Amino acid sequence: MARELSVKDRHEAIAKNVSNQPTSPGPSRMASAALATIPAIALLAGLLAIALGQSQIARLLWLGGTAPVLVVLIVTILRGLAQGKIGLDIIAALAMAGAIAGDEALAGVVIALMFAGGQALEQFAQGRASSAMTALLSRVARSAQRYQSGKLLTVPIESLSPGDRILVRPGDVLPADGLLIGPDATLDESALTGEPMPVRRPAGDALASGVVNAGSAFDMRVSRPARESTYAAILRLVEGARQSKAPMARMADRYAIGFLMLTLGMAGMAWWIWASPHRALAVLVVATPCPLILAVPVALVAGMSRCAGRGVMVKTAGTLEALARIRTVLLDKTGTLTRGYPSIAVLEPEPSVSAEQLLRVAGSVGQASHHVMSQALVEEARRRNINLIPPGEAHESAGDGVEGLVEGARVRIGRQDFVLPGAGAEKASSIPLGHAALYISSDGRYVGRVLFKDELRPDAHSTLGAFRTNGIERIVLLTGDRIDIARPIARSLGLDDVIADATPEDKVAAVKAEKCLAPTMMIGDGINDAPALAFADVGAALGARGAVAASQAADVVVLVDKLERVAEAVAIARRTRRIALQSVLIGMGLSLVGMLSAALGYLDPVAGALLQEAIDLAVVLNALRALGPALRSASAPVADLSAA
């Protein structure tokens, strides 16, 4: 029975696959570079022989430089045919064979050099285009420093289990997801988020695998096995994205077959009309399918890599193309448009109690609970430099609240009927719309309450503006919250519609209705969003703090907790698609002009080969523009990223 790959072996296998996988049945990157040196050396040696008056030796050298490339090319074509693929390499094979048969040795070796050089250029372009995705693979941790029986042992990452305490040394890559025990950590998160500056994380923060310790050593407690970590999931996304093929690329393949027929037809006509095999050979030589077979995939991979560099994983090339066509966006509210966790809006202590005293006793007891409201109390107290006391006899009642002894007094925080059972209800006035309340008592005496509110993300307004700028015509709030909470938010953001009180089934129905009218994207982060994310043309999940189910169902996963990155991905997708189409149209136009010139006798085979390589180089360089940011002023908003 085959053994299961370890986490390290799996990561290394993915890294090898992503970095070396060819785009066609042809040779790999290193083999392509080696193959190109043969006709290059033969060409130079032949020119030297000509200079010495040895034309026959030059001819033999050029034929010797052409033959190996032709053999490799024929093998590649046969392999493709065995897989049911008709490749455009047939044109290059016919051109080389025609040059040999027509005693055009110089043209043959130039064609061989241009073809082999083009293969090497293709491999380089694909590698450069996927640079940000493959850069993720360079951060694969091999081992971890685990505390065990009072000692620090070096262990393989696949042996880590939830609950293990490990030491992360300066420069180490975090091997698994976990919680920071202490002290505070300085982390380089650029590989996951695209942010270049180190980030300071306080004790208690959740840390993701794949980031680098850019400061002093710290301890962390593993929360998930390495095989289930954030980074392992990213590697699987990279593997799937690298192997995928977009509809635009498949369409280009079909057009390429038509281009093959057109090339053979023009070459045949040139031979028949002018009785010139020389012109027919020139047509074959100058015919370059690279704008079709290379420009589209290079541009799409470059766009996906650009997204990855900004902390957005696009799972397939088809998703990137679909993202460029989106016209309607549906957004969840909690955790998507809003922060997804409560922040303190108002402190309402009793007249005999100060706000600091209220926060001190509530925060002290809150230390014994993992509830988001309790943690918000603790964070606010620490922000105000209020000293908290470890509670004694702490006990949490799930769904109700938590209690404990603080300086001898029994303090309760939580729901009103838990904090003030059977009495004191008159102390609590109505709760403002959109707020939640946490009540506090000391020895049964009501001392105040804290109002919480789930605030809008700071980038909510700018993100929606960027959507509008990038061609999104309709934006709808789709939430399970009550209509009286959702409608004011939708109105303040200028949304086109709001659908509230929505169950997961309702969300799927809403997505289905919108898809009938226009290409639709759903954005969410919760388990209840997963069905709608899967059903939309493009599902985008905020995966930094969202549910795993949402990330698995989505087509796009945002690795950093920023909504604006979704709008940025739309801008990148639109620009990438435009660059790909530019490359195809301009490149094919130049190729057709060159073929016509060759048929009319204005280009000989050698000049045609040089022109072919120039067109290929121009197409590849233009496609690689999708890898970088659009030219814009430093003050331009995120919406302008779509500009080519």
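Guide: Let's start with two helices. In this predicted model, helix H10 (residues 277-286) and helix H23 (residues 564-599) pack against each other with their axes 8 Å apart.

Visitor: Why are H10 and H23 called roughly antiparallel to each other?

Guide: Check the angle: H10 and H23 pack at about 170°. Angles over 145 degrees count as roughly antiparallel, and therefore H10 and H23 get that label.

Visitor: Which residues make the contact?

Guide: On the H10 side you'll find Arg-279, Ala-282, Val-283 and Val-286, and on the H23 side Gly-594, Met-595, Ala-598 and Ala-599. Sorted by class, the contact of H10 with H23 has six nonpolar residues, one polar and one charged.

Visitor: And H10 with helix H24 (residues 605-623): what makes that pair roughly parallel?

Guide: Here the angle is about 10°, again with axes 8 Å apart. Under 35 degrees counts as roughly parallel, so H10 is roughly parallel to H24. His-278, Leu-281, Ala-282, Val-285 and Val-286 of H10 meet Pro-605, Gly-608, Ala-609, Leu-611 and Gln-612 of H24. By class, the contact of H10 with H24 has seven nonpolar, three polar and no charged residues.

Visitor: What does Ala-36 touch, leaving aside its neighbours within four places in sequence?

Guide: Ala-36 is in contact with Leu-113, Ala-116 and Gly-117. As for Gly-65, it is 29 residues from Ala-36 in sequence, while their C-alpha atoms are 9.5 Å apart in space.

Visitor: How much of the chain is buried?

Guide: Buried residues make up 50% of the 644 residues in the chain.

Visitor: What makes strand S17 (residues 445-453) "largely enclosed"?

Guide: Count its buried residues: seven of the nine in S17 are buried, so the rest of the structure largely encloses this strand.

Visitor: How do you know which strands S17 pairs with?

Guide: Look for bridges, since two strands pair if there are at least two bridges between them. Strand S12 (residues 343-349) is joined to S17 by six bridges, running antiparallel, and there Pro-349 stands opposite Gly-448. Strand S16 (residues 435-442) pairs with S17 over eight bridges, also in the antiparallel sense. In that pairing, Ala-437 has Leu-451 as its bridge partner. S16 and S17 form a hairpin with two residues between the strands, and Asp-443 takes a positive phi near 50° there.

Visitor: Why do strand S10 (312-314) and strand S19 (497-499) stand at the edges of their sheet?

Guide: That open sheet has seven strands in the order S10-S22-S21-S20-S11-S18-S19, with mixed pairing. S10 and S19 each have a single partner strand, so one side of each is left without a neighbour in the sheet. From one strand to the next, the twist averages 20°.

Visitor: What makes strand S20 (residues 520-524) and strand S21 (residues 538-542) a pair?

Guide: Four bridges join S20 to S21, and at least two are needed for a pair. These strands run parallel, with Gly-524 opposite Ala-541.

Visitor: Last one: what is there to know about the largest nonpolar core?

Guide: A core is a set of buried nonpolar residues joined through side-chain atoms within 4.5 Å. The largest has 89 residues, and Met-96, Phe-467, Met-521, Ile-523 and Val-566 touch the most other members. H23 gives the most to this core, with 11 residues. Not counting residues up to four places away in sequence, Met-521 touches a list of residues including Leu-323, Ile-326, Phe-467, Val-538 and Val-566. Apart from this core lies another, of 22 residues, among them Leu-359, Ala-376, Ile-386 and Val-450.

Conventions. Residues numbered from 1 in each chain as written. Predicted model: local features only at pLDDT ≥ 70, side-chain atom pairs only at ≥ 80, totals over all residues. Heavy atoms only, no water. Axes fitted to C-alpha atoms, helices over the stretch in contact; angles between N-to-C directions. Parallel < 35°, antiparallel > 145°, perpendicular 65-115°, else oblique. Contact = heavy atoms within 4.5 Å. Nonpolar A, V, L, I, M, F, W, Y, C, P; charged D, E, K, R; others polar. Buried < 20%, exposed > 50% of the residue type's maximum accessible area, 1.4 Å probe, protein only.
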